[in-house]
Amino acid sequence: MVIVGAAVRAFLVPFLIWYAGSRVLGPYLHGQNAHAGPFALVAGFLPGLVHGSAVFWAVALGPAVLLLADPAVRRPVAALPSSGDD
């Protein structure tokens, strides 16, 4: 199950980055190709993972880290006394 989740992140996150970036920043340029699509981004992303680049792994594992950190941050914050409690 963990391997399936990692594979989904390795393919889904670059597509989401491409989509958001193309809407906000404009078209993705890959070398001389002014109309490179999401597959060009993935074609550059996967070799970065294979070579062990920390930046590419941070992008791939970022969503999982955020999901795991969410409860670890929420519980202690929720346990803090609020200023309205008297």
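For the record, helices here are DSSP runs of H or I with at least four residues, and they are numbered from the N terminus. I note that the model is predicted.

**Entry 1: overall fold.** I counted elements first. The chain has three helices and two strands. Read along the sequence, I get the pattern α-β-β-α-α.

**Entry 2: whole-chain totals.** I checked burial next. The chain has 86 residues, and 16% of them count as buried. Then I looked at contacts with a separation of 6 or more. Residues 24 or more positions apart account for 44% of these.

**Entry 3: a surface patch.** I searched the surface for nonpolar side chains. Val-4, Val-8, Leu-12 and Leu-16 form a nonpolar patch there. Together they have about 350 Å² of accessible area. I took Leu-12 as one of the members to follow up. Leu-12 sits in helix H1, which covers residues 2-24. How accessible is Leu-12? Its relative accessibility is 43%, so I log Leu-12 as partly exposed. The class runs between the 20% cut-off for buried and the 50% cut-off for exposed.

**Entry 4: aromatic pairs.** I ran the search over the whole structure and got two aromatic pairs. One of them is Phe-15 with Phe-39, and its geometry is edge-to-face. The centres are 5.3 Å apart, with 80 degrees between the planes. Over 60 degrees counts as edge-to-face, so the label follows from the angle.

Phe-15 has 26% relative accessibility, so I put Phe-15 down as partly exposed. Phe-39 comes out at 63%, so Phe-39 counts as exposed.

**Entry 5: a serine in H1.** I went back to helix H1 for Ser-22. Is Ser-22 buried or exposed? Ser-22 is at 15% relative accessibility, so I mark Ser-22 as buried. Under 20% is the cut-off for that class. I also looked for polar partners. The side chains of Ser-22 and Arg-23 are joined by a polar contact of 3.2 Å.

**Recap.** Leu-12 is partly exposed, Phe-15 is partly exposed and Ser-22 is buried.

How values were computed: Residues are numbered from 1 along each chain as its sequence is written. This is a predicted model: local features need pLDDT of at least 70, side-chain atom pairs count only at pLDDT 80 or more; totals for chains, interfaces and linings use all residues. Side-chain values use heavy atoms; hydrogens and water are left out. Patches are made of residues with over 30% relative accessible area and no salt bridge: like charges are joined within 9 Å, nonpolar side chains (Val, Leu, Ile, Met, Phe, Trp, Tyr) within 5 Å. Accessible areas come from the Shrake-Rupley method with a 1.4 Å probe; for residues, only the protein chains shown count as cover. A salt bridge is a side-chain nitrogen of Lys or Arg within 4 Å of a carboxyl oxygen of Asp or Glu. Buried means under 20% relative accessible area, exposed over 50%, partly exposed in between (1.4 Å probe, protein chains only). Contact means heavy atoms within 4.5 Å. Rings of Phe, Tyr and Trp (its six-membered ring) pair if their centres lie within 6.5 Å; planes under 30 degrees apart count as stacked, over 60 as edge-to-face and the rest as tilted. A polar contact is a pair of N or O atoms within 3.5 Å; within protein, one must be able to donate a hydrogen and the other to accept it, and residues adjacent in sequence count only if both atoms are side-chain atoms.
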